[in-house]
Amino acid sequence: MADRTALQSSQGSTEVSANEPENNVQAGLLPLRWLYRASTFLAHYGIETHGIAPIPKEERLEKRWYQMFFVWFSANMNILSFSTGTIGPAFFSLGVRDSIIIIVVVDLVVCLIPAFFAVFGPKLGTRAMVQSRFSWGYYGAIIPSVLNVFSLQGFLILNCIIGGQTIASVNSQLDDTLGIVIISIISLVVTFFGYRFLHWYESVAWIPNVIAFIVMLALGYPHLRANQSVSVPAPKASSLLSFGSALAASMLSWCTITPDYGVYHSPDISSFRIFLYTYLGFLTAGLTAHTMGAAFAAAAPNVPAWNAGFQDSSSVGGLVYSVLTPVGGFGKLLTVLVALSVPSACAPCMYTFSTSFMVIAGWFALVPRWVYILISEGVLIPVAIIGAKTFYTTFVDILDIIGYWSAAFAAIVLIEHVLFRRASFTEDVYPIATWDSARLLPTGIPAIFAFCCACGALVPFMSQAWYVGPVAQDGSGDCGIYVGFVVGALTYAVFRGVECWYMKKRRIGGEHEEEEGVKETKLMRT
């Protein structure tokens, strides 16, 4: 264990020193030597080469805390969040008013969770999956890390599909494939440079999207207003709940990412301010984009030009371009800029994909972060090209599946922090030095049991194209994400409480036996 920790620490510095002995990277393993030399070269050009080791407090010096707002404002003020809002009218046949009511309620509540998780980054200096070891244990944390790797890759695929469709909508001679390749390459470049470059990019990436959305509202207002008087069938409870689940999943899944983007920020700020910056970033962007998506998707069937661009609810990019078409070349420019800003959502996903991969096993942590980014890129392009053919089915399924496990994960980490760590970030409560010690970290057994209970409980409430649970069949819609969160929280509180009681009892028993042994020794000597 000590050897592995030393090796991971060599990946843990912000920059790799050119004079550092190469035998620190496992002498005898030639591929690791090559990777070490490549990291040394990249570090000289300002590319982040830090691994997953927690950032020491003395290195958390960034005080531009407003970045905690812009990174999540940019990540959500884009066409992906817009497309999430379109699900209500396009997929669940909801009217604009019903869709907006669900959007407001869900966003106001669910945005609280990823904002709460963002506090862990500056306060502890740990990545999300590393921090999860303090509730899941060293080996138990492998479960959410693996799931996070697949989930983030799924988000990347969705983002690139939407970006590709948007670029293709500008010219009939273009197709999704070219746009997907362009978006994925831009995302690769932003992520490759690392934490600080990513924050800079996110601080400006929102600008073209805000401009485009304002122009869309100005051009589309007459149609949006007219659509308010269009009668729609009464919504089914199942559709309302299912749409709410899709929205909740899209926001809740960020909780496995948000701590990663505060690890270099100074902890010398109140937890509430970190939380508030992050919450406002999520809420203002998500609420705006979701609402606009629902409004334009609901109005599209009554506007022939929009409906043609929407292609029967299969091309969100086409809908955006059709709304912007009246302004001619400027509309094309805005559409392209909207597509090219999709990496604002891709970059955080790709970055955390790499750090989550490194948490899965000690040997994975020896491989530099940038290698996993290249792996993600290699998988992303071909899968996105294939997935683009069935966009909405792919979109809803991926969102909901990610939401299922993210809900249980969030519940477990929250209960651990609030109930068993007393909502404190002190060294006594979170001994960060033990982050890589299976012996000193919690066992993780309560988390695994609670996660299994949550997954088992939510199955009857699932409603997917490939499976509909018995409760969902009775008309409840997809309630799996809500059930998973509640069951995960309750069962973890019970299991962890029992474990703490047992460990305390065993410790007291051990101390008592030790005292008895000392007494017997003294008697024997006398």
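Guide: Let's begin with a term: a salt bridge is a side-chain nitrogen of Lys or Arg within 4 Å of a carboxyl oxygen of Asp or Glu. Please keep in mind that this is a predicted model.

Visitor: Thanks! What do the side chains of E62 and R64 form?

Guide: The general idea is that side chains of opposite charge can pair when their charged atoms come close. Here E62 and R64 meet in a salt bridge, at 2.8 Å from N to O.

Visitor: Is E62 buried or exposed?

Guide: E62 counts as buried because its relative accessibility is 16%, and buried means under 20%.

Visitor: How many salt bridges does the whole structure have?

Guide: A search finds 6. One of them pairs R127 with E48, whose closest N and O atoms are 3.4 Å apart. That pair links distant parts of the chain, 79 residues apart: R127 sits in the loop between α7 and α8, and E48 in the loop between α2 and α3. Both R127 and E48 are buried.

Visitor: Let's turn to the backbone. Where is S93, and what is its phi?

Guide: S93 lies in the loop between α4 and α5. Its phi is near 55 degrees, a positive value in a residue other than glycine. S93 is exposed, with a relative accessible area of 59%. R422 also has a phi near 55 degrees; R422 is placed in the loop between α21 and α22 and is exposed at 62%.

Visitor: How much space lies in the largest pocket, and what lines it?

Guide: In general, rolling a probe the size of a water molecule over the atoms shows where empty space is left. In this model, the largest pocket holds about 330 Å³. Its lining has 21 residues, and L94, G95, V96, V232 and A298 are the closest to its centre. The elements giving two or more residues to that lining are α4, α5, α15 and α16, and α5 gives the most, with 3. By class, the lining has 11 nonpolar, 7 polar and 3 charged residues.

Visitor: Finally, what pLDDT does the chain average?

Guide: The average is 86, and 89% of the residues score at least 70. For residues 1-28, pLDDT stays under 50.

Notes
Residues are numbered from 1 along each chain as its sequence is written. This is a predicted model: local features need pLDDT of at least 70, side-chain atom pairs count only at pLDDT 80 or more; totals for chains, interfaces and linings use all residues. Side-chain values use heavy atoms; hydrogens and water are left out. On a 1 Å grid over the protein atoms alone, a cavity is a set of points where a 1.4 Å probe fits but cannot get out, and a pocket is an open set with protein on both sides within 12 Å along at least five of seven lines; lining residues have an atom within 4 Å of a point. Grid points are joined across faces, edges and corners, and a volume is the space filled by probe spheres set on the points. Helices (H or I, at least four residues) and strands (E, at least two) are DSSP runs, numbered from the N terminus. Ala, Val, Leu, Ile, Met, Phe, Trp, Tyr, Cys and Pro count as nonpolar, Asp, Glu, Lys and Arg as charged, and the others, Gly among them, as polar. pLDDT is the predictor's confidence in each residue, from 0 to 100. Contact means heavy atoms within 4.5 Å. Buried means under 20% relative accessible area, exposed over 50%, partly exposed in between (1.4 Å probe, protein chains only).
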